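Please look over the sequence and the structure first.

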Amino acid sequence: MDIVDQIIQARKDRGISQQKLAELTGIFQSVIARVESKKSSPTVEFLNKILPALDLELTLKSNLYLPNEIEKVVCGLPYSRVYVGRSSDKVYKFDEQYILKISEDIDSLKLEKEKNEWVNQYINGSKTVSFLIENGKAYYLRTYIKGHSLEEKRFIHNPHKLILILKEVNEVLRSLDKYNCPFISPESSGKDFVHGNLCLPNIIVDNKDHFAGFVDLSDAGLGDRNLDYAWLLWSLEYNLKTNNYNEELINELNIKISDYDYAKYVLPHALAKDK
């Protein structure tokens, strides 16, 4: 049982809802939900607030096996588990310098690496350090994108600024349309470049709030740009807990998206998410 499972069990044993835990700790309920569903990694700040509230202690283990080539790069760096992507994959962050993804689905992780490398020829992002196959697993080590996720409180508390940042993000996406991406997005069909999972946690900005890179490009490729816009609208509404800013986002991005496209791309997946 990992630390996230322990948090879930302790919360349920004490009869505390996610909303109540949010009130006790000052952490957004949506953040707690993402960590518990293992869509986001529990940060040190998160654990420092959650664990005391649930009378839990964190026990660290250092038994992670690494191929020699990767061990030489990250040796001595503190690391933590990052809970993202497919449940069978394991992702680790090394001291805000590197991200390591380990997967038994070798072909899928190799494709993700190739997509990441293609995208980052043209825009800011994570750079490949090493890709190895050993003991039936693929190990993909890349640089960590330093910056801030758009789901941070300071962005959520300033929706107008957040939307202006998303306007810049959209310009970055559209700049990739002209490069004839060799990959196809599995979630839609079309001739535009799409991220494939364009939600606020997957967008990183620097300290000046300018675009720094995308996270999770596994579904990126040519497709229908409305796939990204549908997910962006959903993510904005989900994090702000209101749809009052949807029209402002649509106007700033100068886009048109029908109710049909929104329902087609988002609803089947959103209904399955743990809110």
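The notes below are grouped by topic.

This is a predicted model, in which local features need pLDDT of at least 70, side-chain atom pairs count only at pLDDT 80 or more, and totals for chains, interfaces and linings use all residues. Residues are numbered from 1 along each chain as its sequence is written, and side-chain values use heavy atoms, with hydrogens and water left out.

**Salt bridges**

- The whole structure holds 14 salt bridges (a side-chain nitrogen of Lys or Arg within 4 Å of a carboxyl oxygen of Asp or Glu).
- One of them joins E36 to R11, with the closest N and O atoms 2.7 Å apart; E36 sits in helix 3 and R11 in helix 1, 25 residues apart (helices are DSSP runs of H or I, at least four residues, and strands are runs of E, at least two, numbered from the N terminus).
- E36 is buried at 9% relative accessible area, and R11 is buried at 8% (buried means under 20%, exposed over 50%, partly exposed in between, with a 1.4 Å probe and protein chains only).
- K101 pairs with D89 at 4.0 Å between the closest N and O atoms.

**Hairpin**

- Strand 4 (residues 128–134) and strand 5 (residues 137–143) pair in the antiparallel sense over six bridges (pairing requires at least two bridges found by DSSP).
- Two residues separate these strands in the hairpin, and N135 in the turn has a positive phi of about 55 degrees.
- T128 has R142 in strand 5 as its bridge partner.

**Loop residue N202**

- N202 lies between strand 7 and strand 8 and is buried at 9% relative accessibility.
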